[in-house]
Amino acid sequence: MVFSSVVFLYIFLPIMLLIYFVVPKKLKNAVMILASLIFFAWGEIRYIFIMLLLAVMDFWCGKNIDKFYDDKKKKRVYLLIDVCVNLLILFFFKYADFIITNINNLTHLNIPLLNIPLPIGVSFNTFQSLSYIIDVYRGNVKCEKSFYNYLTYTTLFPQIIAGPIVRYETVDEELETKNISLDNFSKGMRRFIIGLGKKVLIANNIGMLWNILETGNYSELSMLLSWIGICAFALQIYFDFSGYSDMAIGLAWIFGMDFDENFNYPYISKSITEFWRRWHMTLGSWFRDYIYIPLGGNRKGLLKQIRNILIVWFLTGAWHGASWNFILWGVYFGIVLIIEKIFLLKILEKLPKVFRHIYSILLILVSWVIFAFEDLSKVFEYIKVMFTSDIIYNQESLYYLKNYLFIIVVGILCSLPIWKILKEKIDKKENKWLDILTSFGYLAIFLLSTASLVTDSFNPFLYFRF
Amino acid sequence: MRDKIFFVIFIATWVLLVMLNFIIKSPEFSEQENRYLATIPKFNFSELVSGEYSEKLDSYINDHFIARNFWLKLNSFISLSTGKTENNGVYIGKDGYLFEKFKYGKEEKENLEKIALAINNFSENIDVPIYFLLVPNSIYINQDKLPDYVSVYDQNEIINEFYSKLNYRIEKINTIYTLKQNKDKNIYFKTDHHMTSDGAYLLYLEFCKSANINPVAISSFKRELVTRSFLGTFDSKAQVPNQIPDEIIVYKNDTNQDVKCNYDGEKYNSIFNEEYLNKKDKYSYFLNGNSANAIIKTKISNGKKLLVIKDSYAHIASQFLCQNYEEVHFLDTRYYRIPISDYIEENKITDVLFLYNVSNILEEVSLRGIK
């Protein structure tokens with residue numbers, strides 16, 4: 001199930017909340033688990049059993065690591081078991097066919113493909129398990145004593161499909177006691193509505209334009225259209241992804257929990273280094289804490305640091321999908337980050353802000369071209385049109401410009417922190433009428449999103465490759 | 001305080017909508033969208049595993065959401081007020097004109113080639129005159145009404161290319177010139193993909209010219225406005241707020257009012273079915289909508305029998321096509337699967353007319369199997 005659907009908003013969520021708030025404290029986790037399983041089974045029932053088995057194994061390994069905490073060898077065995085099984089699952093479902101295809105291409109062998117559909121959320125699920133077991137091993141968190149609580153954590157539906165990656169340490173106390181209140185409900189619901197609006201009203205509407213370009217449903221790609229198109233994609237993926245995170249964070253507040261933030265206005269970045277501090281933050285910090293730093297980070301000289309950065313970004317790329325374009329996308333960022341680290345950042349700092357913004361946006365837009373097309377030849381073709389096409393514009397591009405200009409402008413405005421500033425100003429004022437007005441504003445977003453969902457408008461799911 | 005105010009406002013609305021959805025029953029058929037709404041899917045374990053079951057359930061829930069028509073209008077209103085000039089694959093043109101997007105790609109081209117081949121083969125076994133009337137669509141004839149910056153594929157080129165592939169036995173009728181000349185006379189509906197009676201009359205004239213028939217003059221008919229509230233298929237898709245409906249006009253005379261009709265065995269005494277004028281699907285007023293085999297018997301006795309192999313563009317043309325024949329037979333190859341050559345012999349057909357519109361024939365697969 002996805003948040004942006006009628007069945008979630010008008011059947012699943014209201015029923016689930018009603019039960020959740022009515023039952024005594026001790027049963028709240030049970031409601032949560034059951035709800036999560038139903039939520040997940042809606043379209044991805046096969047993976048449930050694997051998810052449950054993984055939960056049992058994580059829990060068992062965690063407990064044993066705790067039990068043998070002073071016995072380094074035994075402790076490590078349990079860590080390895082858990083890490084290996086988790087990675088194996090991820091590998092099997094996500095990368096097996098990719099590797100077979102590549103071997104076939106290289107050696108002209110004909111190894112049959114497994115053709116296993118990728119279970120939705122498997123990447124988020126395994127990364128969460130890994131963070132738990134590694135943190136227990138390191139002694140960063142206490143191991144979970146109750147399987148009931150652990151199962152709640154690992155199946156937690158708000159983040160199971162598209163993040164943020166919630167580490168065990170973020171929610172460990174809330175698995176036991178939840179901070180449920182009317183204020184938290186309202187706060188959470190408002191955050192959820194913002195996310196819903198971002199996804200349904202902005203991302204989906206802008207995404208229609210990208211969909212035309214992606215499917216090749218146009219007669220001729222002019223320079224203008226290629227730029228409008230990739231801007232549309234950049235806005236679509238930002239509003240879709242951050243909208244999902246907002247919805248997840250909002251739901252967590254409603255349930256009396258607290259997740260980490262995942263996006264912080266990434267498109268206002270003045271460098272790529274900054275961009276990655278603002279984009280999918282929970283993934284970046286995951287790779288930092290569990291890969292980059294253990295590899296030595298920046299403490300073992302520049303060469304090793306460069307190696308470490310490349311490894312991390314190769315993996316980041318591959319995490320986004322088992323295809324060469326994603327890997328290229330990751331490595332592209334790795335290289336840019338290395339260049340920035342060695343000298344470019346120092347130069348950038350001396351330039352006027354405008355140039356730094358243009359520099360960052362350009363590199364980000366090019367990265368989205370790589371991200372958007374699985375077929376690498378299409379990537380290069382598209383970039384070529386963006387920078388060297390003779391056809392600056394044509395009728396068709398003007399048509400799309402006219403049709404999508406409004407929503408693109410709205411998208412750009414909403415990716416700037418002006419709303420945050422505005423909201424903070426409103427929050428300071430104690431005015432009943434203003435509160436009523438803003439409440440109706442949120443309600444309007446909710447109802448307009450409903451209109452779009454009821455009518456089966458374009459509503460793609462972007463994370464099936466993750 | 002803020003949280004309490006929001007809580008009250010939001011929860012009140014939300015709970016109300018949720019409750020209404022559980023309580024109120026919705027219809028099985030949507031007049032506004034002109035389609036049957038999804039039914040509750042039957043449980044099926046393998047569909048549950050593949051995720052198909054939940055997809056079906058999703059569309060059931062969406063289709064039966066409370067006040068669905070209101071949400072449809074709201075959604076298109078919002079979309080159109082952001083400066084969009086299309087909705088759900090339909091262009092919102094000038095002066096109330098709607099147009100379905102026209103696609104002519106590789107698949108369509110191939111389909112047309114296959115159809116030409118099949119019809120050539122078919123014509124070998126037929127020894128009565130065969131006429132082909134491929135009619136362009138509103139989007140081409142009325143292209144000046146399209147939104148700014150939209151260009152449309154040259155349908156004249158498509159028609160000529162198709163005609164060039166048909167063999168000499170088939171008499172080709174190109175109507176583009178006449179239609180362009182008369183385009184300001186409302187020859188197409190604005191909200192529907194069909195032609196109006198005035199457009200159909202032009203087709204009739206062109207057909208008569210090719211078939212050497214004396215056409216009945218338009219002035220000898222009684223022109224009758226049968227409804228002012230026709231919202232056709234383009235409107236069903238686009239759901240444009242405040243769309244001005246089309247009028248349906250018919251041309252009646254003694255010949256087309258005194259007929260015996262047989263639609264797949266159902267018998268009527270008129271080609272006009274008043275019942276449909278109170279329904280959404282008002283175009284079915286003509287020839288009772290889609291049937292595999294429709295036969296009109298007139299009072300004329302000249303031994304001439306016309307067979308029209310057609311799409312629904314022929315329905316509105318039936319009021320004119322019956323003017324010069326003892327019998328007019330209509331076959332829809334989507335539903336009629338028996339060899340047509342046999343049909344021609346059995347019914348002593350004297351003329352065969354293919355009547356299709358361009359955007360429809362591009363997607364028409366059943367014609368490839370014509371025998």
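**Figure 1. Parallel pairing of strands 13 and 15 in chain B.** B:Leu306 has B:Asp351, in strand 15 of chain B, as its bridge partner. Strand 13 (residues 305-310) and strand 15 (residues 351-357) of chain B pair in the parallel sense over five bridges. Strands are said to pair if DSSP finds at least two bridges between them; helices (H or I, at least four residues) and strands (E, at least two) are DSSP runs, numbered from the N terminus. This is a predicted model, in which local features need pLDDT of at least 70 and side-chain atom pairs count only at pLDDT 80 or more, whereas totals for chains, interfaces and linings use all residues. Residues are numbered from 1 along each chain as its sequence is written, chains are lettered from A and ligands numbered from 1 in the order in which they are written, and side-chain values use heavy atoms, with hydrogens and water left out.

**Figure 2. The eight-stranded open sheet of chain B.** The strand order is 7-6-15-13-14-12-10-11, with mixed pairing. Strand 7 (170-173) and strand 11 (266-268) of chain B are the edge strands, each pairing on one side only. On average, neighbouring strands of this sheet are turned by 20° against each other, direction ignored. Axes are lines fitted to C-alpha atoms, for helices over the stretch in contact, and angles run from 0 to 180 degrees between N-to-C directions. Helix 5 (residues 106-124) of chain B lies across strand 6 (130-135), strand 7, strand 13 and strand 15 of chain B, at about 135° to strand 7 of chain B. Helix 7 (residues 155-165) of chain B lies across strand 6 and strand 7 of chain B, running at about 160° to strand 6 of chain B.

**Figure 3. Strand 12 of chain B and its partners.** Four of the five residues of strand 12 (residues 293-297) of chain B are buried, so this strand is largely enclosed by the rest of the structure. Buried means under 20% relative accessible area, exposed over 50%, and partly exposed in between (1.4 Å probe, protein chains only). Strand 10 of chain B pairs with strand 12 of chain B in the antiparallel sense over four bridges, and B:Lys260 has B:Lys297 as its bridge partner. Strand 12 of chain B is also joined by five bridges to strand 14 (residues 327-331) of chain B, again antiparallel; here B:Ile295 stands opposite B:His329.

**Figure 4. Contact of helix 9 of chain A with helix 1 of chain B.** The axes of helix 9 (residues 182-214) of chain A and helix 1 (residues 2-23) of chain B come within 9 Å and cross at roughly 65°. Residues in contact (heavy atoms within 4.5 Å) include A:Phe185, A:Met189 and A:Ile193 in helix 9 of chain A and B:Phe6, B:Phe10 and B:Trp14 in helix 1 of chain B.

**Figure 5. Positive phi at A:Tyr265 and B:Asp264.** Most residues other than glycine have a negative phi. Phi of A:Tyr265 is near 45°; this residue lies in the loop between helix 10 and helix 11 (272-278) of chain A and is buried, with a relative accessible area of 16%. B:Asp264 has a positive phi of about 45° and is found in the loop between strand 10 (260-263) and strand 11 of chain B. At 47% relative accessibility, B:Asp264 counts as partly exposed.
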